[in-house]
Amino acid sequence: MKIAVQEHETILARVKQEHAFTKTRINGLDYVINPYVGCHSGCRYCYAAYTKACHHATEEWGSFVDVKKDFVQKLERELEKTAPGKVLVSGLTDPYQPIELKEKIVRRCIKLLKDHGCTISILTKSHNVIRDLDLLDETDEVGLSIAFHDDTYTRIFEPNAASIEKRFAAMETVLEKGLKANAMVSPILPLFTNLERLISRLNEVQPSYAYFDTVIARSTWPMFEQTVEEFFPEKKTRVKELLKNSEYKLSLRRMIEQNLSTSIPRKVLF
Ligand code: SF4
């Protein structure tokens with residue numbers, strides 16, 4: 001895997017982002033920070049894969065991670081003129097890249113944001129998030145992205161992400177610390193996600209909130225389709241059909257309604 005250190009004005013900066021701190025229209029959030037470009041996890045359904053177009057167009061998604069230079073200093077300067085709000089960490093990369101363990105960029109950002117009075121909403125697939133729980137309080141939340149109940153398909157669809165066991169263990173640790181841990185069940189992949197068994201894991205762990213979605217971004221579809229074609233050619237047509245099938249989606253909604261413990265607040269986004 002190649003790790004490149006680039007100027008902050010790299011992919012997103014040239015296109016849209018000139019700042020470390022970016023306003024977002026995502027419901028319930030005010031800002032987002034993306035200290036890295038690319039993602040080691042390399043998920044084959046990743047909505048952020050389009051970000052490779054500027055500097056890594058010919059490289060495989062998951063094969064590069066760029067560090068945004070001077071990101072923490074930039075954030076510190078921008079915070080001086082920014083009102084506190086709820087901040088997503090992160091939107092277009094997983095904040096806990098392997099290099100984060102050494103660089104501690106995300107950790108330093110969270111500290112700055114908390115000192116400024118912001119509320120943090122972490123979204124990750126990495127158990128390494130537990131390193132930073134000491135910086136959080138009960139106003140913050142940690143979202144663990146979990147689309148499968150075990151690792152039968154994760155090495156194909158999420159090649160370098162933490163195992164499902166590690167993600168559930170991280171979720172339990174967050175909850176044990178008295179913090180909010182949300183389950184982001186997305187995307188539910190027809191013929192691959194065993195939603196019933198995944199819900200039963202959620203019922204055991206009891207996350208603070210569970211979100212469910214089936215969406216695969218249009219820009220990501222070719223990468224996802226190619227992966228299914230390569231590893232499960234016999235399933236490709238059916239997967240495509242189901243993703244567009246309203247009866248299938250209705251059956252998923254019913255399954256959530258009937259099987260998810262009533263003690264877990266939920267939001268179904270499809
Ligand atoms: S962990 Fe998130 S950002 Fe990284 S590749 Fe997977 S879906 Fe994309």
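User: How does Gln-206 count, buried, exposed or partly exposed?
Analyst: Gln-206 has 15 C-beta neighbours inside 10 Å. A residue is buried if 20 or more other C-beta atoms lie within 10 Å of its own, exposed if 12 or fewer, and partly exposed in between, with C-beta atoms placed from the backbone. So Gln-206 counts as partly exposed.

User: What pLDDT do local features need here, and where does the residue numbering start?
Analyst: This is a predicted model, where local features need pLDDT of at least 70, side-chain atom pairs count only at pLDDT 80 or more, and totals for chains, interfaces and linings use all residues. Along each chain, as its sequence is written, residues are numbered from 1.

User: Where is Gln-206 found, and what is its phi?
Analyst: Gln-206 is in the loop between α7 and β10 (209–212); helices (H or I, at least four residues) and strands (E, at least two) are DSSP runs, numbered from the N terminus. Most residues other than glycine have a negative phi. Gln-206 is not a glycine, yet its phi is positive, about 55°.

User: What is omega for the peptide bond from Ser-186 to Pro-187?
Analyst: Pro-187 sits in the loop between β9 (180–185) and α7 (195–205). Most peptide bonds are trans. The one from Ser-186 to Pro-187 is cis, with omega near -10°.

User: And what is omega from Val-89 to Ser-90?
Analyst: Ser-90 belongs to the loop between β6 (86–89) and α3 (100–103). Its bond from Val-89 is cis, with omega near 10°.

User: Which strands stand at the edges of the open sheet?
Analyst: The sheet has eight strands with mixed pairing, in the order β2-β3-β6-β7-β8-β9-β10-β11; two strands pair if DSSP finds at least two bridges between them. Each edge strand has a single partner, so one side of it has no neighbour in the sheet. Those edges are β2 (22–23) and β11 (266–268).

User: Which residue in β9 is the bridge partner of Glu-141?
Analyst: Strand β8 (residues 141–145) pairs with β9 in the parallel sense, over five bridges. In β9, the partner of Glu-141 is Lys-180.

User: How do the residues around the ligand divide by type?
Analyst: The ligand's surroundings are Cys-39, Ser-41, Gly-42, Cys-43, Cys-46, Ala-48, Thr-93, Asp-94, Lys-125 and Ala-161; being near means a C-beta atom, placed from the backbone, within 6 Å. Ala, Val, Leu, Ile, Met, Phe, Trp, Tyr, Cys and Pro count as nonpolar, Asp, Glu, Lys and Arg as charged, and the others, Gly among them, as polar. That shell gives five nonpolar, three polar and two charged.

User: Which residues does Tyr-47 touch, leaving out those up to four places away in sequence?
Analyst: Tyr-47 is in the loop between β4 (36–38) and β5 (64–68), and it is partly exposed, with 17 other C-beta atoms within 10 Å. Touching means being in contact: C-beta atoms, placed from the backbone, within 7 Å. On that count Tyr-47 touches Ala-217 and Thr-220.

Note on methods: Two residues are in contact if their C-beta atoms, placed from the backbone, lie within 7 Å.
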